[in-house]
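Biologist: I would like to learn how to read some features of this model. Please take them one at a time.

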Amino acid sequence: MFKTEPSTDKGEQTRRHIFDCALELFRENGFDATTMQEIALRADVAKSAAYYYFPGKEAIIQAYYEAVQDEQERVCRRIFAGSGNLKARLAAAMHAKFDLAKEDRKLLGVVFRYTGEPEHPLSCLGAGTEEIRRRSIGVFREAIAGERLPKDLDQLLPVALWSLQMGLLILFLYDRSEGQRRTRRLADGALELTLKLLALAKLPVLKPVRTKVLSLLREADLLPEG
């Protein structure tokens with residue numbers, strides 16, 4: 001289960017306390033059944049104070065995903081710094097998010113619920129989650145840093161790996177096997193296949209295909225800068 005770190009700033013302490021109390025209630029009662037009034041009562045603050053720090057429950061979920069992303073980046077960068085093995089780096093990037101959210105699959109599911117509502121702040125492809133999306137792709141970009149790849153493939157691969165992770169996260173939500181081992185095995189198998197296909201994808205003869213895919217991703221605004 002993801003846990004937050006203590007803060008020394010009083011305002012940030014209050015915000016963090018409200019945040020932690022909200023997560024407790026979401027875990028106990030579910031996102032839909034929890035109200036901002038209940039969050040304020042659990043945190044022992046005025047309802048107006050809860051709204052001051054978080055305009056609504058969606059803002060709390062956004063803060064949760066940001067915190068998970070912060071931790072994923074911290075964990076992965078530590079592993080990346082100590083490993084030059086591409087397979088190990090990709091596995092770390094893929095499994096870190098599973099590890100951080102394994103006890104919070106109900107919270108993880110909230111973002112997928114609104115996939116078909118692009119204007120919703122929690123839509124996984126909407127503007128409200130754009131920064132998290134960029135950072136998630138960035139983890140895979142860091143994982144392949146230093147690999148000798150064609151420039152276009154260097155741009156394509158992180159997006160492809162992020163897309164794979166998003167698909168696996170949906171399976172992860174419904175996986176009732178112990179430790180979600182079925183999803184994890186599928187992730188490992190998919191990464192093995194990716195590494196084998198990578199050797200073929202580097203071939204100059206496939207450059208027109210890579211160029212076309214890049215063009216499509218840019219048109220779909222799925223190729224973030226940085």
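Modeller: The buried residues of helix 2 have contacts (heavy atoms within 4.5 Å) with helix 1 (10–29), helix 3 (47–53) and helix 4 (57–82). Helices here are DSSP runs of H or I with at least four residues, strands are runs of E with at least two, and both are numbered from the N terminus. This is a predicted model, in which local features need pLDDT of at least 70 and side-chain atom pairs count only at pLDDT 80 or more, while totals for chains, interfaces and linings use all residues. Residues are numbered from 1 along each chain as its sequence is written, and side-chain values use heavy atoms, with hydrogens and water left out.

Biologist: Which residues in helix 2 are buried?

Modeller: Buried means under 20% relative accessible area, exposed over 50%, and partly exposed in between, with a 1.4 Å probe and protein chains only. In helix 2 (residues 36–43), the buried residues are Met 36, Ile 39, Ala 40 and Ala 43. They lie on the same side of helix 2 because they cover an arc of only 100° around the axis, taken from the directions from the helix axis to the C-beta atoms. An α-helix has 3.6 residues a turn, so residues three or four places apart point the same way.

Biologist: What follows helix 2?

Modeller: Asp 44 follows helix 2, and its phi is positive, near 60°.

Biologist: Where does UniProt place its features?

Modeller: UniProt positions are in the numbering used here, feature names are shortened, and annotations may be inferred rather than shown by experiment. The unreviewed entry gives "domain: HTH tetR-type" at residues 12–72. That span is 80% helix and 0% strand, with its end C-alpha atoms 21 Å apart. UniProt also lists "DNA-binding region" (unreviewed entry) at residues 35–54. Over residues 35–54, the chain is 75% helix and 0% strand, and the end C-alpha atoms are 12 Å apart.

Biologist: How many disulfides does the structure hold?

Modeller: A disulfide is a pair of cysteine sulfur atoms within 2.5 Å. The structure holds 0 disulfides. Cys 76 is in none, as the nearest cysteine sulfur, that of Cys 124, is 20 Å away, too far for a bond.

Biologist: Are Cys 76 and Cys 124 buried or exposed?

Modeller: Cys 76 is buried, at a relative accessible area of 1%. Cys 124 also counts as buried, at 10% relative accessibility.

Biologist: Which residues does Glu 73 touch?

Modeller: Leaving out residues up to four places away in sequence, Glu 73 touches Arg 135 and Val 139. Glu 73 lies in helix 4 and counts as buried at 11% relative accessibility.
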